[in-house]
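Subject: Structure for your files

Hello,

Here is the structure I said I would pass on. My notes on it follow below.

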Amino acid sequence: MTLTLDNQSQIRESSLTQALRQIQQLNSKIAVLEQQHLSYVQKQQNLIPAIAEICISPIQEVQALRILIYRGEKECWHYLRSGLVKRKKAF
């Protein structure tokens, strides 16, 4: 009887240890994702002044922000560069 209780205690302890290890792994993954998110937000915030500076009209600014939100930083820079090229050709 004592042997089975000890065995059950070891199984419980083992499953608790596994659960604790999984929680620690998830916390590590969460920390990495939070850091990536902060980096992403910082990049987007750095792009907003460029949008205000490059775009001529409020409609262009809205379009650039929409592209930034839905398509990402790379596509937004592409849109802004194409706007600069068009503006230079007009002068």
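A residue is called buried when its relative accessible area is under 20%, exposed when that value is over 50%, and partly exposed in between. Please keep in mind throughout that this is a predicted model.

By that cut-off, Q44 is buried, because its relative accessible area is 17%. Q44 sits in helix α1, which covers residues 2–54. The side chain of Q44 also makes a polar contact of 2.7 Å with the side chain of Y40.

Overall layout

The protein chain has three helices and zero strands, and along the sequence the pattern reads α-α-α. Of the 91 residues in the protein chain, 13% are buried. The protein chain exposes about 7,800 Å², and carbon and sulfur atoms account for 59% of that area. Taking contacts between residues at least 6 apart in sequence, 47% join residues at least 24 apart.

The nonpolar core

Which residues form the largest nonpolar core? There are ten of them: L47, A50, I51, I54, C55, A64, I67, L68, C76 and L80. Helices α1, α2 (58–71) and α3 (73–90) each contribute at least two residues to this core. The most come from α1, which gives four.

A64 is one of the core residues. Setting aside neighbours within four places in sequence, A64 touches I51, C55, C76, Y79 and L80.

For C55, the nearest cysteine sulfur is that of C76, 7.6 Å away, so C55 is in no disulfide under the 2.5 Å cut-off.

Regards

Key. Residues are numbered from 1 along each chain as its sequence is written. This is a predicted model: local features need pLDDT of at least 70, side-chain atom pairs count only at pLDDT 80 or more; totals for chains, interfaces and linings use all residues. Side-chain values use heavy atoms; hydrogens and water are left out. Buried means under 20% relative accessible area, exposed over 50%, partly exposed in between (1.4 Å probe, protein chains only). A polar contact is a pair of N or O atoms within 3.5 Å; within protein, one must be able to donate a hydrogen and the other to accept it, and residues adjacent in sequence count only if both atoms are side-chain atoms. A nonpolar core is a set of buried Ala, Val, Leu, Ile, Met, Phe, Trp, Tyr and Cys residues joined through side-chain atoms within 4.5 Å. Contact means heavy atoms within 4.5 Å. Accessible areas come from the Shrake-Rupley method with a 1.4 Å probe; for residues, only the protein chains shown count as cover.
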